[in-house]
Protein chains: 4
Amino acid sequence: MSKILGILGSPHSYGGSGSLLRCALLAAQELGFETELVELYRERIEPCRGCVQDEEPTCKYPCIFEDYGREILFKLREADGYIVASPVYWYAPSGPLKILIDRMTALENMVAFGEPSYVEGKAVGVITVGADAGATLAGAYLLTVLNAMGAIIPPWAHAYSHRGKEALFDDRAVMDAINVGRLVAGLLLRVRGQNGPLTYLDDPDLRDRIRTAVLEEKRRWEAQYGSERLSLCGKSGA
Amino acid sequence: MSKILGILGSPHSYGGSGSLLRCALLAAQELGFETELVELYRERIEPCRGCVQDEEPTCKYPCIFEDYGREILFKLREADGYIVASPVYWYAPSGPLKILIDRMTALENMVAFGEPSYVEGKAVGVITVGADAGATLAGAYLLTVLNAMGAIIPPWAHAYSHRGKEALFDDRAVMDAINVGRLVAGLLLRVRGQNGPLTYLDDPDLRDRIRTAVLEEKRRWEAQYGSERLSLCGKSGA
Amino acid sequence: MSKILGILGSPHSYGGSGSLLRCALLAAQELGFETELVELYRERIEPCRGCVQDEEPTCKYPCIFEDYGREILFKLREADGYIVASPVYWYAPSGPLKILIDRMTALENMVAFGEPSYVEGKAVGVITVGADAGATLAGAYLLTVLNAMGAIIPPWAHAYSHRGKEALFDDRAVMDAINVGRLVAGLLLRVRGQNGPLTYLDDPDLRDRIRTAVLEEKRRWEAQYGSERLSLCGKSGA
Amino acid sequence: MSKILGILGSPHSYGGSGSLLRCALLAAQELGFETELVELYRERIEPCRGCVQDEEPTCKYPCIFEDYGREILFKLREADGYIVASPVYWYAPSGPLKILIDRMTALENMVAFGEPSYVEGKAVGVITVGADAGATLAGAYLLTVLNAMGAIIPPWAHAYSHRGKEALFDDRAVMDAINVGRLVAGLLLRVRGQNGPLTYLDDPDLRDRIRTAVLEEKRRWEAQYGSERLSLCGKSGA
């Protein structure tokens with residue numbers, strides 16, 4: 001079965017970026033995809049030490065570090081598509097997400113060993129949420145980097161909101177996030193010769209239905225972990 | 001027949017960006033696409049005056065200006081894919097290309113009139129050539145904007161060179177540009193349910209063959225117009 | 001007397017970016033600076049044809065084109081500081097402003113002739129106004145380019161608003177724009193050994209006083225030219 | 001005595017970015033400044049958990065995490081200027097540097113507590129080194145963010161090289177890095193009413209003298225720690 005992986009670069013499981021990411025993943029499920037959500041703040045990821053610059057090529061999959069990052073690289077290799085979501089910290093993805101991107105060099109640099117990049121052909125979309133400015137710069141950065149690793153990008157692949165924690169109540173952002181999920185799934189179906197959507201869908205009923213589902217998930221999560229509980233390294237559940 | 005449109009934002013028909021763009025278009029032809037190359041410096045394009053901000057939505061296709069820009073918008077609407085090439089002027093596309101992008105609002109803003117964006121589903125790639133820095137920023141900008149208008153993006157959709165006028169002798173850049181052409185074509189074929197390439201091809205023979213073809217075109221062009229001849233507004237031929 | 005030049009890349013004299021620019025210039029006047037505002041949409045500016053890439057260095061001040069652009073380059077050379085304001089068109093400055101930046105190569109490239117860049121030491125600030133996203137990317141671009149031409153940048157040199165035509169009613173944006181004017185002026189005074197502000201001032205009275213002054217100017221302008229009147233090439237007054 | 005702090009976001013003490021940073025710091029010393037170099041890869045820095053978004057403002061100096069990051073924030077508060085250097089990892093600063101930037105919110109967010117940003121008025125410059133593209137995007141990002149925290153920026157504040165580990169042999173990059181150091185120092189002197197340089201100096205003798213000094217430092221360091229030794233978290237010396 002085909003899988004779309006959600007990557008969350010936020011310390012909050014159900015903050016703005018986490019909530020919109022869940023909307024996108026539900027939309028992908030409705031097109032028949034399995035989804036999984038990985039939260040980067042759950043465990044430490046070692047920073048890339050730049051082996052790609054060594055005289056002899058040594059940077060390759062799997063990366064030398066045997067850590068949470070390696071597990072995620074494994075999932076990135078296996079998945080058919082990714083949706084990457086981050087809060088906007090200083091106009092850019094969060095630090096832990098940047099560390100993961102650096103580590104993804106091990107997937108891309110397989111080209112130095114006569115193989116294709118392990119990101120080649122993955123379909124991707126991105127979601128960025130801030131309380132003010134910088135969402136465009138953060139999203140443009142993610143799309144550009146993923147394409148430079150070999151990913152393919154459906155139409156309207158970037159959803160964003162300026163409303164921070166309230167992003168789930170930003171109607172346009174929710175509709176956009178749902179389309180990110182639909183269109184990543186749709187592009188995957190298409191390139192395999194199957195039917196799949198490649199056009200933006202503006203459907204308030206779908207939007208409200210998916211939003212309600214995410215709100216319910218969020219309430220169950222808060223009932224268990226508390227509303228202030230962060231999914232910080234080793235400190236939270238979910 | 002399907003068409004891929006090349007948009008050249010350079011004053012030089014066969015400078016670095018122009019030459020790499022021609023490589024990309026030849027590669028698309030080999031996959032059965034018709035191609036056409038539009039040079040923005042050939043005639044004036046009126047700058048966008050921002051009607052999209054009017055109280056009543058007025059910004060729509062065709063744009064109010066009856067000029068060369070309108071002709072290009074027509075071609076952009078008709079084409080199945082675009083490859084946009086520009087010299088890097090201060091880390092960004094050239095001024096005339098920025099003016100065209102602003103004018104493309106008329107294609108995208110059809111969403112305000114209940115239609116899809118006229119850019120939706122076009123497959124796109126970009127080429128940026130500078131003598132120093134800024135090629136990444138310029139290319140990231142173009143990909144991001146085109147995706148935000150609804151375009152789809154194949155893997156490895158950005159080719160660049162730091163070698164300015166000598167870009168045609170930058171082996172990696174030529175191979176990358178050829179792949180931009182191949183993969184824009186390949187993605188179009190795939191989303192229509194046909195076979196088409198979606199992986200990077202490293203083929204020195206293909207690279208040299210296409211480079212030779214572009215060099216020959218360039219020599220014929222220079223024989224007719226002179227090596228210093230610029231394709232400036234109304235001043236040159238080709 | 002010292003002069004700070006305002007450069008407006010908008011077709012609207014008193015739209016969002018134009019209004020905030022006028023706030024900034026009034027604030028600079030209160031510190032004893034003469035100001036002048038140049039509207040790029042007033043006349044055509046020829047696009048840069050990239051002479052900087054010629055074998056022999058030929059790109060130098062004054063630029064070969066004898067047009068409105070040349071007049072503006074003269075003013076840019078004479079002024080002590082600039083404040084550059086633009087609407088956000090596709091996450092970037094407007095096309096005419098990009099054309100001016102390309103033409104500014106003639107000021108900067110004096111380094112190829114044994115002179116300093118004619119932009120070196122100018123103090124600069126920027127203002128970007130959009131109706132949605134992209135203000136950060138547009139502002140970051142302008143600051144980066146101006147610094148790479150030799151300009152110095154005071155603290156808090158970028159004011160922006162997401163409120164488009166209503167930017168003059170965005171309290172934070174107005175206060176920020178006033179600070180851009182104050183701090184460009186303040187930095188110029190400081191580097192000359194005089195007293196001048198280098199810290200952000202949050203002063204609602206100053207904000208409201210300057211906003212009122214700009215609103216009055218705007219009303220007088222609209223009484224003369226009409227509220228819909230654009231400052232398009234050759235078509236408007238003020 | 002006045003201090004300029006060097007921040008190194010590389011795992012290599014004397015790689016390209018580390019070496020150019022040392023050139024910049026030596027140049028600042030020649031203008032009478034004390035300098036200190038902090039290597040981010042030496043110890044773990046906890047990722048920012050985004051307290052700035054809490055209902056009640058809680059993000060303030062000192063940050064809640066009692067770690068290496070807190071020590072660096074202390075140094076950043078005390079210093080008069082910073083020079084921030086990073087290898088280019090996917091067109092951006094390294095992950096650990098991004099984590100530090102996120103943590104610097106604690107310095108800037110003092111504005112929410114009625115104080116000025118603790119970054120306000122610091123003079124800053126940046127250095128980015130890659131083996132290929134992206135140096136401009138990485139440098140533009142750093143300058144923009146630091147200015148948005150309140151820093152002031154001298155002319156020519158970004159030095160970069162595309163030559164990776166060989167950056168110390170990139171003549172223009174070394175001269176640029178020396179100017180970054182000189183001009184950060186010069187701007188600090190000027191805003192205090194003292195004499196200091198604000199113009200680019202092209203001086204091959206100075207360049208070669210400082211390069212030789214850094215090469216000697218590097219050789220001593222390699223004699224002690226080995227040429228392959230990385231300054232990874234807890235694993236290296238110097």
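In what order do the five strands of the open sheet in chain B stand? Select them and read across: β2-β1-β3-β4-β5, with parallel pairing. Strands here are DSSP E runs of at least two residues, helices are H or I runs of at least four, and both are numbered from the N terminus; two strands pair if DSSP finds at least two bridges between them.

A word on what you're looking at: this is a predicted model, where local features need pLDDT of at least 70, side-chain atom pairs count only at pLDDT 80 or more, and totals for chains, interfaces and linings use all residues. Residues are numbered from 1 along each chain as its sequence is written, while chains are lettered from A and ligands numbered from 1 in the order in which they are written.

Now click β2 (34-39) and β5 (158-161) of chain B: they stand at the edges with a single partner strand each, so one side of each has no neighbour in the sheet.

Next, pick β3 (residues 81-87) and β4 (residues 123-129) of chain B, which run parallel and are joined by seven bridges. Look for P87(B), opposite V129(B) in β4(B).

Last stop: chains C and D. Their contact takes 24 residues from chain C and 24 residues from chain D. On the chain C side, α5(C) gives the largest share, five residues.

Notes:
Contact = placed C-beta atoms within 7 Å.
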